Amino acid sequence: MGKIYVIHENSEWTVHLTKRLDELQLPYEEWHLDKGCIDLSTVPPEGIFFSRMSASAHTRGHRYAPEYTAAVLHWLEAHGRKVYNGSRALSLEVSKVLQYLELEKHGVRTPKTVVAVGRSQILEAAKAFDGRPFITKHNRAGKGLGVQLFQSLEALQGYVESQAFEEPVDGITLVQEYIKSPESYITRCEFVGGKFVYAVRVDTTEGFQLCPADACQIGDLFCPVGEEVETKPKFQIINDFQEDVIANYENVLAANGISVAGIEFIRDANGIIYTYDINTNTNYNSDAEAATGVYGMLEVAKFLQNELHKYYPNSVPTLS
């Protein structure tokens, strides 16, 4: 008999999945890996393993959760356990540099990006944009960490030399070309089982730091909170979404062993798509999903149900 092991460091984001696992009457166990120890001479339990480790774990006081999780995932994989969003996926989760290299390898256009370590090097990196607007962001991010828009080198200098400068947890700042879109939104494409499920339009009028999780909407430090009455939803699922880039995205996920992810892009005034983020710890917005009747976490739970049945058929209730 096997079960589903859900690896994570944030219960607020995981409860949406475990509720669906309960609905499907699936056997599961949570592994909250903010800290712990593991004896490498022992054998992992029987079951399938799904990692939801987040690049932003350090913002919740779980500084070394991704590193510890990487050790656990390697241990599981060494023993031949079936792991979804395993060690390779985690490597991409904590490095936008690796994300961009993988996207470009598979024919996906990304914004021009310069990698910098050190405040003076950040200023040097910005010179590559020849006076055009650019943004900074953290390499190991999540929740829009470190995202700032600058119109000039002088403005950047004032920021990096001030106490307001956010030091990236891995020391790596990315300086990236600013893609100006004629409309103030980005698009996030959701994938389960490596296949496209739906696309959601995300309104960015309040800033870059938007997170689809319900927990973020009610006070997450890095998500915008305002008191104005909204005239349109921040998150809106797009009906009949079709773009050629979806096939490329699926190739990227397959090549990196990523089963569940959200991939974000922005479209410039010429209609060109620029992809800038792969989130392997994807969350979903309940209001947007309720409006269309498509539920990401339910799809994830069903995917895990089918995978558990494949490897441990006696562990799963009769499939409908």
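Two strands pair if DSSP finds at least two bridges between them, and strands (E, at least two residues) and helices (H or I, at least four) are DSSP runs, numbered from the N terminus. These legends describe a predicted model, in which local features need pLDDT of at least 70 and side-chain atom pairs count only at pLDDT 80 or more, while totals for chains, interfaces and linings use all residues. Residues are numbered from 1 along each chain as its sequence is written, and side-chain values use heavy atoms, with hydrogens and water left out.

**View 1. The open parallel sheet.** Welcome to the sheet: 4 strands run in the order β2-β1-β3-β4, with parallel pairing. The edges belong to β2 (28–32) and β4 (82–84); each has a single partner strand, so one side of each lacks a neighbour in the sheet. From one strand to the next the twist averages 20° (axes are lines fitted to C-alpha atoms, for helices over the stretch in contact, and angles run from 0 to 180 degrees between N-to-C directions). Look for β3 (residues 47–51) beside β4, joined in the parallel sense over 3 bridges; F50 has Y84 in β4 as its bridge partner. Helix α10 (residues 296–311) packs on this sheet and touches β1 (3–8), β3 and β4, its direction making about 150° with that of β3. Contact here means heavy atoms within 4.5 Å.

**View 2. The hairpin of β12 and β13.** Here β12 (residues 260–267) and β13 pair in the antiparallel sense over 6 bridges. E264 finds its bridge partner, D277, in β13. The hairpin has 5 residues between the strands, and G271 takes a positive phi near 85°. Of the 7 residues of β13 (residues 273–279), 7 are buried, so this strand is largely enclosed by the rest of the structure. Buried means under 20% relative accessible area, exposed over 50%, and partly exposed in between (1.4 Å probe, protein chains only).

**View 3. Helices α5 and α6 side by side.** The axes of α5 (residues 119–126) and α6 (residues 153–160) come within 10 Å and cross at roughly 165°. The two helices are therefore roughly antiparallel to each other (under 35 degrees counts as roughly parallel, over 145 as roughly antiparallel, 65 to 115 as roughly perpendicular and the rest as oblique). Where do they meet? R119, I122, L123 and A126 in α5 touch L153, L156, Q157 and V160 in α6.

**View 4. I179 in its loop.** I179 sits in the loop between β8 (173–177) and β9 (185–192). With a relative accessible area of 9%, I179 is buried. Leaving aside neighbours within four places in sequence, I179 is in contact with P111, I266, D268 and Y274. K234 lies 55 residues away along the chain, and the C-alpha atoms of I179 and K234 are separated by 20 Å.

**View 5. Confidence along the chain.** The protein averages a pLDDT of 91, and 91% of the residues score at least 70; pLDDT is the predictor's confidence in each residue, from 0 to 100. Please take care with residues 214–230, where the pLDDT is below 50. Beyond near neighbours in sequence, this stretch has 27 contacts in the model.
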